[in-house]
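Please look through the briefing below with the sequence and the 3D view side by side.

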Amino acid sequence: LGERDNSELGYLFAINTNGGMKGHANYQLEMLLAENGLRLAYANSIRMPDAYLPLTRKFPSQKEALEMVGKEEEKLAEIINDIETNQIKLPRKGLFPHLVRKISENANRPHKKNGLTLSESCVGCGICEKICPNGNIEIVDGKPIFNDKCLSCYACYHRCPEHALKYKDVKGQYKGLQETSKLFRR
């Protein structure tokens, strides 16, 4: 696309939520924008409960999740003030974010293999199909079929009422702070 002048855009900022890789998403975003001749003026992140199966083995309870979110409210007020006053804050640079980006480039693309297996306890309720943000799951003959558009968000795993989806030796689910029906894809 060539070099772009983002002076027309004004103050370009990004805020992401993360479970454990603080700032990694903003670093990746900065790299993608740079490839298109754009630059961030400000980047920050808010920590949220982590429910990513490949890296987490213990999921927070509802109480723990509410406490974590409550702690971040003060930080959110600071972020709002920073943006309103056009503060400059750039994503961390260094070797670690660069390595993580290289390692995760393929993992972040839609794929079929997500490590999930279906157990006999599946009742074909269709919640997994409705909650998948990428429309990757279809119910065929009363059972979910995973296509090749999985983003590894694992919402299907965490919201299955029968816990019929399994991931290696992981036990438990993270139900989040919203009712399942409010998360259904429209």
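What follows describes the chain as a whole and then moves to particular residues.

This is a predicted model, in which local features need pLDDT of at least 70 and side-chain atom pairs count only at pLDDT 80 or more, while totals for chains, interfaces and linings use all residues. Residues are numbered from 1 along each chain as its sequence is written, and side-chain values use heavy atoms, with hydrogens and water left out.

**The chain as a whole**

- The protein chain holds 5 helices and 6 strands, where helices (H or I, at least four residues) and strands (E, at least two) are DSSP runs numbered from the N terminus.
- Read from the N terminus, the order of these elements is β-α-β-α-α-β-α-β-β-α-β.
- Of the 186 residues in the protein chain, 35% are buried; buried means under 20% relative accessible area, exposed means over 50%, and partly exposed lies in between, with a 1.4 Å probe and protein chains only.
- The accessible surface of the protein chain is about 11,800 Å², and carbon and sulfur atoms account for 55% of it; such areas come from the Shrake-Rupley method with a 1.4 Å probe, and for residues only the protein chains shown count as cover.
- Among contacts in the protein chain with a separation of 6 or more, 69% are between residues 24 or more positions apart, a contact being heavy atoms within 4.5 Å.

**The nonpolar cores**

- A nonpolar core is a set of buried Ala, Val, Leu, Ile, Met, Phe, Trp, Tyr and Cys residues joined through side-chain atoms within 4.5 Å.
- The largest nonpolar core has 16 residues, and L53, L116, C156, Y157 and Y167 are those that touch the most other members.
- Helix α5 (155–159) and strand β6 (165–167) each supply at least two residues of this core.
- Apart from this core lies another one of 5 residues, among them A14, L33, L40 and A43.
- In soluble globular proteins, nonpolar side chains tend to be buried together.
- Beyond its neighbours within four places in sequence, Y167 contacts L53, P54, R57, N114, G115, L116, Y154 and Y157.

- H158 lies in helix α5, and H158 counts as buried because its relative accessibility is 4%.
- A polar atom of the H158 side chain lies 2.8 Å from the backbone nitrogen of Y174.
- When neighbours within four places in sequence are set aside, the contacts of H158 are A51, L53, F59, Q173, Y174 and K175.
- M68 belongs to helix α2 (residues 62–84), and M68 counts as partly exposed because its relative accessibility is 22%.
- Although M68 and P49 are 19 residues apart in sequence, their C-alpha atoms are 7.0 Å apart in space.
- Leaving out neighbours within four places in sequence, M68 is in contact with R47, M48 and P49.

**Cysteines**

- A search of the whole structure finds 0 disulfides, a disulfide being a pair of cysteine sulfur atoms within 2.5 Å.
- C125 is in no disulfide, and the nearest cysteine sulfur, which belongs to C160, is 5.9 Å away.
- C125 is partly exposed at 39% relative accessibility, whereas C160 is buried, with a relative accessible area of 11%.

**Positive phi values**

- Y154, a residue other than glycine, has a positive phi near 65°; Y154 is found in the loop between β5 (143–146) and α5 and is buried at 4% relative accessibility.
- K168, which is not a glycine, has a positive phi of about 40°; K168 is placed in the segment after β6 and is exposed, with a relative accessible area of 64%.

Terms used:
A polar contact is a pair of N or O atoms within 3.5 Å; within protein, one must be able to donate a hydrogen and the other to accept it, and residues adjacent in sequence count only if both atoms are side-chain atoms.
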